[in-house]
Amino acid sequence: MTDRISIHGQWSSRLMFILATTGSAVGLGNIWKFPYIAGENGGGAFVLIYLVCIVLIGIPIMVCEILIGRRGRQSPVYSLRSLAREDGGSGIWGFIGFSGIFAGLLIISFYSVVAGWSLAYVMRTANGYFVDVTASGSRAIFSELISDPERLLAWHTIFMVMTTVVVARGVRSGLEQTVRILMPLLFLLLLLLVWYAYDTGEFKQGYNFLFAFDFSSLTPGGVVIAMGHAFFTLSLGIGAVMMYGSYLPSEIPIARTALAIAVIDTLVALLAGLAIFPIVFASNLTPGEGPGLLFQTLPIAFGQMPGGTFYGVLFFILLVLAAWTSSISMIEPAVAWLVENRQITRLRSASLVGLFAWLLGIVTIMSFSSWSFQFTFGGKLKNSGMFDVLDILTSSIMLPIGGLAFAIFAGWVMSRESVRDELKGSDLGFSVWYLVVRYVTPIAVIIIFLEGLDFMERLGLF
Ligand code: PHE
């Protein structure tokens, strides 16, 4: 244990850290992205690979990030640099921190746009758009929204301002308190939706789609996407969890805490899947609907259930909040780094970073609209806009590379003593984790990655 403290502050308790990090982990990734990528990749087998990746790759790397952050007590750039030097490694490791900062900015640029859809859906639900809506009506409402650049820009701007304001103020108890009440509420509401899907949807078909492991529908590309999503959903690979770890009081046990966060995160994703797929099958939509899946299915449920307008508004508000507690962690490393590096105020730093992310977001908006420009890739991504390119670049490439680097850092660059000193807990637990982080996790990431590269090459991406 070291007696360093962060200049940016410290969480008041273990619970606050869990809430903030769960807030970061649970977001659009669980409720919006997981169901639609599971749908596009054939369901069951994909879900299994995702779960295996959470256990063998995600949780061990989450422990690495927290321990590196807490020992370094600075933004990832400086934590990695100074810890490497302390244990006789090279200061070059700081660059990994930079690539994480950059990945965070790329992610928020499209994340904020989807959060904007959620904001728009709060209004649409409140205005009764979805009362007795049909599947095709629901689809039409969604496509009308995403092809309206001005509206998207307005919502994206509102969401970026919300994010910047919180980060500028520091991750204060205000937000922590909100999360404390709202996260359980989101959980309850998801349960309600699952119950609704059970009651009225094709629950069995939905359940089987998610949990019957049919490996014939799984492609190597699907495996890479599943692994990438394990990183994305746990907020790993960019240094966000590392940053939050740097505010963690020294006496708190890391491994158990990481486990709790991963379990909650996974449960939320599975619940979202169980709420959505029965409705997909009951209303003749297809699982491979793409990024619109959540926005096209749940309104059908809200449109039919008693009190649906109320629950619908509440659901989309909670979705926005879940996205909000995630988006702040995407730019926190960049903001902290600017404060440390330039000695500017947090307000200025957050404003600059927020502005930059807002500008990047406009590119995503353009990729949906009539102003859209297309990248000329071959194969699967042929007609994809910037949105898909950003998604694949971050989730399937940058996050796994970042996570791999963190595992190598904790497993091979830091000394065993430093690592052991930072992680409390049993010797047996430590030895197992250490072995996994040194060998299993890096090898798994590399194998999946190479398979995927090969696959992308065959698609004509490289
Ligand atoms: N984990 C968040 C989600 O599932 C997304 C995220 C990715 C947050 C990377 C921070 C860093 O929505």
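Analyst: Phe295 touches Trp32, Val114, Trp117, Ser118, Tyr121, Ser138, Phe142, Phe316 and Leu319, leaving aside residues up to four places away in sequence; contact here means heavy atoms within 4.5 Å. Do keep in mind that this is a predicted model, where local features need pLDDT of at least 70, side-chain atom pairs count only at pLDDT 80 or more, and totals for chains, interfaces and linings use all residues. Residues are numbered from 1 along each chain as its sequence is written, and side-chain values use heavy atoms, with hydrogens and water left out.

Phe295 sits in helix H13 (residues 293-304); helices are DSSP runs of H or I with at least four residues, numbered from the N terminus. Its relative accessible area is 0%, so Phe295 is buried, a label given under 20% relative accessible area with a 1.4 Å probe, protein chains only. From Phe295 to Phe281 there are 14 residues in sequence and 15 Å in space, C-alpha to C-alpha.

Now to helix H5 (residues 94-126). Of its 33 residues, 26 are buried, so H5 is mostly covered. After H5 comes Gly128, whose phi is positive, near 75°.

Elsewhere, Ser235 lies in the loop between helix H10 (220-233) and helix H11 (240-245). With 12% relative accessibility, Ser235 also counts as buried, and Ser235 touches Ser24, Ala25, Ala240 and Val241, again not counting residues up to four places away in sequence.

Terms used. Helix = DSSP H or I, 4+ residues; strand = E, 2+ residues; numbered from the N terminus. Buried < 20%, exposed > 50% of the residue type's maximum accessible area, 1.4 Å probe, protein only. Expected span 1.5 Å × (residues − 1).
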